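Welcome to this guided tour. Open your viewer, switch to a cartoon view and follow along one stop at a time.

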2 protein chains.
Amino acid sequence: MYSQAEENYLKTIYNLESRQGSEVSTNLIASKANTKASSVTDMLKKLAAKNLVQYKKYQGVHLTELGRKSALKVIRKHRLWESFLVQKLNFKWDEVHDIAEQLEHVKSEVLIEKLDAFLKYPKLDPHGDPIPDAHGRTILNKTVVISAMKIGSAGVFVGVRDSSSEFLQYLNKKNLALGDRIKVIDIEPFDGSFHIETRTHRLVITKSVAENLCLKNVK
Amino acid sequence: MYSQAEENYLKTIYNLESRQGSEVSTNLIASKANTKASSVTDMLKKLAAKNLVQYKKYQGVHLTELGRKSALKVIRKHRLWESFLVQKLNFKWDEVHDIAEQLEHVKSEVLIEKLDAFLKYPKLDPHGDPIPDAHGRTILNKTVVISAMKIGSAGVFVGVRDSSSEFLQYLNKKNLALGDRIKVIDIEPFDGSFHIETRTHRLVITKSVAENLCLKNVK
DNA sequence: CGAAAAATTTAGATATAACTAAAAATATAT
DNA sequence: ATATATTTTTAGTTATATCTAAATTTTTCG
């Protein structure tokens, strides 16, 4: 199978690709992966040699079908382990990301199928992200990020795009939790920050925070 | 913390030391770890530099107090994960070793404490080995290996010294399971093989197999 | 004891995955 | 359109953990 480093790159590229549509650039991968562009170039060549990505010098990359499937397997493992940590071991949603980053690289098909069964085949992880099944399929989870919403619209907060403990702890501090109803009150034209309202309070969030909060049933 | 390679060496040295008493030799480590003696020498120097082992050229090694504690932490993790795999995920005892070899290297103190609690603080793993607590302490589990027994003596089979799937599958095939009462019928002076008897059948095992079966209440 | 055998260490190489600094290609902007 | 800035790649280095082959030390035994 693939090395941990390779699996991490696949996951990063998958995530960037699905948020971007188009080809993913070397620098973007480097910043997400906390490495240098030169390291990314090296790895892209390796992934291309293994037919995991389509790569043309200076033109960015995108995953091949094999790459996409491999990425989804890693993501499936990550999200199942996160579910395990929260549901069975009583971790909080902001504590599981780094541990799951390690667990996701454990090699065993049987293990992950048995874990899935033990957890009763969950469809969403603790951050509201859909868990791919063994074939890479997910339930459709039509959400809108706050940054794409208009003034006056509202929805239910069902997921985050950044599940780092830093970001989740910020949400905890601001009293924002999955399930909350959130309404967009105003958008600052100057810096793009959002004034939002929940059932209990109002607050201002930056544009970049708004890009990481996913809402459902937005009207 | 320590690298996976370092942790694996610590575990190997710990196991050899506790079965041997004396200093552990380079070649012995190499054969247990499936590497070459030269690789072992390199690693021993590294471990010595980190104060994990006492090492003198050509004289073998033994763990320092720090090394012993570190080894016990890895062993604790390994055995807790094995218990999880068998008790919660319904793996068989011969299927868990390789997966636990991977899981044991996941870095998180909290994780292992929560796992321990989830499993209700088990004292023995699925192979009958005692699980060290957070301080490295284990219940005393006085057992005798068959190879140390006399003709006519008998006891209850409570543990194995080799928990590789190959060995455990051999035991399955020979219909030997934890809890069985085993009696030594005869010892071949020629090759040291043992004729043993359970409640249901008789069989002959080699000396090396006899060295890996642990019995309790031997009389 | 001293030669042969066995065990161990050293020296030098390899693979992975990172890095820095310099070079090359692409994009931007006057 | 051409100079400048940005992005990306290349070249060369580093660290980890292996390996083989040769050298060295220890052990064994006639």
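Predicted model: local features only at pLDDT ≥ 70, side-chain atom pairs only at ≥ 80, totals over all residues.

## Where the two chains meet

Residues are numbered from 1 along each chain as its sequence is written, chains are lettered from A and ligands numbered from 1 in the order in which they are written, and side-chain values use heavy atoms, leaving out hydrogens and water.

Next, select helix H4 (65-87), helix H5 (97-103) and helix H6 (109-118) of chain A. Each of these supplies at least two residues of the side of chain A that touches chain B. Helices here are DSSP runs of H or I with at least four residues, strands are runs of E with at least two, and the numbering goes from the N terminus. Which helix gives the most to that side of chain A? H6(A) does, with five residues. By type, the residues of the side of chain A that touches chain B are twelve nonpolar, five polar and three charged. In this count, Ala, Val, Leu, Ile, Met, Phe, Trp, Tyr, Cys and Pro are nonpolar, Asp, Glu, Lys and Arg are charged, and the others, Gly among them, are polar.

Show the surface next. Chain A and chain B bury about 1,600 Å² between them, with 75% of it on carbon and sulfur atoms. Buried area is the accessible area (1.4 Å probe) that two parts lose on being put together, summed over both. Now pick out A:Leu89, A:Gln102 and A:Lys114: they supply 31% of the area that chain A buries against chain B, more than any other three residues. The contact (heavy atoms within 4.5 Å) takes 20 residues from chain A and 20 residues from chain B.

## The sheet of chain A

Move on to the strands of chain A. Six of them make an open sheet in the order E3-E8-E4-E5-E6-E7, with antiparallel pairing; two strands pair if DSSP finds at least two bridges between them. At the edges you will find strand E3 (144-145) and strand E7 (202-205) of chain A, each pairing on one side only.

Walk across the sheet, selecting these pairs in turn:

- E3(A) and E8(A) are antiparallel, with two bridges; here A:Val145 is opposite A:Cys214.
- Strand E4 (residues 154-160) and strand E8 (residues 213-216) of chain A share four bridges. Look for A:Phe157 opposite A:Leu215, and A:Val160 opposite A:Leu213.
- E4(A) is joined by three bridges to strand E5 (residues 181-187) of chain A, where A:Ala154 stands opposite A:Lys183.
- E5(A) is joined by four bridges to strand E6 (residues 194-197) of chain A, and A:Asp186 has A:His195 as its bridge partner.

H7 lies across E4, E7 and E8 of chain A, running at about 145° to E4(A). Such angles run from 0 to 180 degrees between N-to-C directions, using axes fitted to C-alpha atoms, for helices over the stretch in contact.

## Last stop: a salt bridge

Over all chains, the structure holds 21 salt bridges. Select A:Lys50 and A:Glu6 to see one of them, with the closest N and O atoms 2.7 Å apart. This pair links distant parts of the chain, 44 residues apart: A:Lys50 is in the loop between helix H3 (37-49) and strand E1 (53-55) of chain A, and A:Glu6 is in helix H1 (residues 4-20) of chain A.

Terms used. Salt bridge = Lys/Arg side-chain N within 4 Å of Asp/Glu carboxyl O.
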